[in-house]
Amino acid sequence: MSNNDWFDLSGRVAVVTGGGANGGNGHAIALGLARHGADVLVSDVDVPGAEQTAREIRDLGRRAVACRCDVGVPDEIAAMFSLLDRELGAIDVLINNVGIGHRSRPEDLSLADWQRVVRVNLDGTFLCSMEAGRRMIRQGRGGSIVNISSIAGSSALGRGNFVYSVTKGGINQFTRELAVEWSPHRIRVNAIQPAQILTPALKAMFADPRLDPSRLRDRLLTGIPLARLGEPDDVAKAAVFLASDAAAFVTGHLLPVDGGNLALNAGGSRVWPSDS
Ligand SMILES: NC(=O)c1ccc[n+]([C@@H]2O[C@H](COP(=O)([O-])OP(=O)(O)OC[C@H]3O[C@@H](n4cnc5c(N)ncnc54)[C@H](O)[C@@H]3O)[C@@H](O)[C@H]2O)c1
């Protein structure tokens with residue numbers, strides 16, 4: 001195998017949740033996997049968005065299937081994997097990309113909102129991973145599961161991200177435990193921890209008056225040594241790496257794609273005061 005083949009996903013089948021064509025991380029990941037050769041089932045609650053991503057993948061010469069799947073609804077997850085069996089007949093890569101939040105002060109957060117976020121972020125990741133893992137175990141050729149976590153899984157964000165962060169912390173430990181449990185089957189389980197990425201979800205934050213949008217960008221950038229916000233393709237590159245044989249000896253890993261955010265101590269800074 002030449003070095004050029006390390007990232008080759010030809011002949012592999014991937015499932016990407018929340019992969020609708022909205023310019024978000026799932027969209028970029030689905031296209032990134034397809035550019036490296038994968039056939040892709042794209043699901044989303046936004047069906048026209050999923051269909052658009054599937055068209056973009058077919059234009060790259062790969063097979064693609066689109067479907068609705070709300071990962072907060074177990075029956076819709078089961079239906080998505082039945083469709084996968086019928087249309088693509090295998091699975092090598094699962095990207096658990098969907099993640100929602102509910103911004104609220106902890107003392108004002110209702111049980112219903114807590115449970116809705118837990119259902120989508122944690123139950124959804126659990127159920128999709130079990131459907132994928134059982135198939136990978138039966139196939140007997142290993143596989144790769146990539147969970148889209150967040151820097152919020154390892155450090156606190158404040159600003160009402162309480163339940164979101166708690167679920168991302170859960171995804172981090174889900175990743176480690178499952179990596180160990182499924183290592184005998186050569187199913188690798190890893191997570192990506194993005195910092196702030198310029199997706200529609202982040203753009204919506206810039207429109208939230210409670211967050212003082214005029215100062216939000218500067219506030220975010222003080223925590224990012226590489227001094228820029230992320231792009232969805234930054235996340236997609238890491239996902240292609242973790243999905244591919246380039247990461248054959250990588251499992252149970254949490255990969256920050258964060259411009260150095262998790263490396264930076266809150267009291268640290270990217271430049272010497274004398275240089276600024
Ligand atoms: N954008 C960031 O700054 C950032 C930072 C860290 C982590 N992340 C993580 O990246 C992932 C994707 O985030 P994004 O910013 O691209 O999100 P987004 O909201 O822009 O897009 C997510 C997609 O998921 C779909 N979706 C929403 N709820 C769904 C559900 N219940 N079932 C199926 N599909 C659903 C939406 O229709 C949309 O197409 C999430 O897990 C998020 O937590 C994002």
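The model is predicted, so local features need pLDDT of at least 70 and side-chain atom pairs count only at pLDDT 80 or more, while totals for chains, interfaces and linings use all residues. Residues are numbered from 1 along each chain as its sequence is written.

Select residues 74–87, helix α3; helices (H or I, at least four residues) and strands (E, at least two) are DSSP runs, numbered from the N terminus. Its 14 residues reach 20 Å from first C-alpha to last, close to the 20 Å expected at 1.5 Å a residue, that is, 1.5 Å times one less than the number of residues.

Colour Ile-77, Met-80, Phe-81 and Leu-84, which are buried (20 or more other C-beta atoms within 10 Å of the residue's own, C-beta atoms being placed from the backbone; exposed means 12 or fewer). Seen down the axis, the buried residues of α3 fall within an arc of 90°, so they line one face; the arc is that of the directions from the helix axis to the C-beta atoms. Their cover includes β1 (13–17), β2 (39–44), β3 (64–68) and α4 (111–139). On the other side of α3, Asp-75, Ser-82, Asp-85 and Arg-86 are exposed.

Next, show Ala-239. Ala-239 touches Ile-29, Gly-32, Ile-95, Val-146 and Ile-192, not counting residues up to four places away in sequence; contact means C-beta atoms, placed from the backbone, within 7 Å.

Finish at Gly-259, in the segment after β7 (254–257). Gly-259 is buried, with 23 other C-beta atoms within 10 Å. Beyond four places in sequence, its contacts are Ala-195, Ile-224, Pro-225, Leu-226, Arg-228 and Gly-230.

Terms used: Two residues are in contact if their C-beta atoms, placed from the backbone, lie within 7 Å.
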